[in-house]
Amino acid sequence: MIRTILRTSSRLDNRWVLAEQGECDAILVYDGEKSFSPFVLKTTTELILIRRRGDHHDGHVFLKPFRAEELIDTLLNIEAALHPRPVHVQTAGSSTSVNFYRLKKWPPADILHKHKAYMLLAGYLSRGAKNLQDLVTFSGQAEDLCREFLQALDERNLLHVDSGRVTRAASSTIPASKIQDEKKSFLSLLRSKLGLSKK
C-alpha cells in the first residue's frame with residue numbers, strides 16, 4: 001500500500017521511495033523504542049508512528065484505518081522541513097515580473113486552522129490567480145500574513161506559481177468595483193462550502 005501511494009501520488013511527484021534498508025529520511029514504525037535494523041537513522045530522520053484513530057499521539061503519525069492523503073501530507077511536511085523552499089513573492093509596486101498564485105486543491109484543515117484568516121485567503125485564491133498585492137487588497141489582511149499563507153501552501157505543494165509582466169500602475173490600482181465583485185464571489189463560495197444558502 002505504501003509503495004502504491006508513493007508511486008501514484010501526483011503531489012509527491014516520485015520524490016519519495018520505499019527503502020528496504022540503509023539510510024532513510026522517514027520511517028514508519030509501530031513502536032518507536034525498538035531497533036530499526038536494517039535501517040540506518042540519520043540525525044534528521046523522522047519517525048512516523050502507526051496509531052489507531054482516537055489514540056493519544058505526538059509528532060508524526062499514520063492513523064489506522066489508513067488514508068493515503070494523510071500520509072502524503074505528513075511526507076510533504078517532512079520534506080519541507082528538510083528542504084525549505086522559500087516563496088519568492090514580489091511586491092506589486094515592481095515593474096518587473098510578478099508571481100501569480102493559484103490553488104492546486106483546497107488546503108487541508110491543519111493549514112486553515114493555523115490562522116482565522118486563512119480560509120478567507122484560500123477563498124480568494126480559489127477564485128483565480130492572484131499576486132501578493134491582490135491578495136492583500138481583496139482580503140484586507142496584512143502583507144506579512146498573506147506571505148506566510150502562501151509559504152505554507154507552497155511547502156505542501158498546493159500552489160501553481162505563474163510569472164507575468166506587470167507595470168507599476170496596473171499592479172497597484174484595482175478598481176473598487178472589482179474588489180466588491182471578488183468579495184461577493186468569495187462569500188458565495190464560502191456559503192457553498194459551508195452548506196449554507198442565502199435567503
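**Figure 1. Salt bridge between D162 and R102**. In this predicted model, D162 and R102 form a salt bridge (a side-chain nitrogen of Lys or Arg within 4 Å of a carboxyl oxygen of Asp or Glu), with the closest N and O atoms 3.1 Å apart. D162 belongs to strand β5 and R102 to strand β4 (residues 97-103), so the pair ties together parts that are 60 residues apart in sequence. Helices (H or I, at least four residues) and strands (E, at least two) are DSSP runs, numbered from the N terminus. D162 is partly exposed at 32% relative accessible area, and R102 is partly exposed at 32% relative accessibility. Buried means under 20% relative accessible area, exposed over 50%, and partly exposed in between (1.4 Å probe, protein chains only).

**Figure 2. Salt bridge between D73 and R156**. The closest N and O atoms of this pair are 3.7 Å apart. D73 lies in helix α2 and R156 in the loop between α6 (143-155) and β5 (159-165), so parts 83 residues apart in sequence are tied together. D73 is buried at 14% relative accessibility, as is R156 at 3%.

**Figure 3. Salt bridge between E70 and R53**. The N to O distance is 2.7 Å. E70 lies in helix α2 (residues 68-82) and R53 in the loop between β2 (39-52) and β3 (60-64), so the pair ties together parts that are 17 residues apart in sequence. A network of salt bridges links R53, R67 and E70. The whole structure contains ten salt bridges.

**Notes.** Residues are numbered from 1 along each chain as its sequence is written, and side-chain values use heavy atoms, without hydrogens and water. Because the model is predicted, local features need pLDDT of at least 70 and side-chain atom pairs count only at pLDDT 80 or more, whereas totals for chains, interfaces and linings use all residues.
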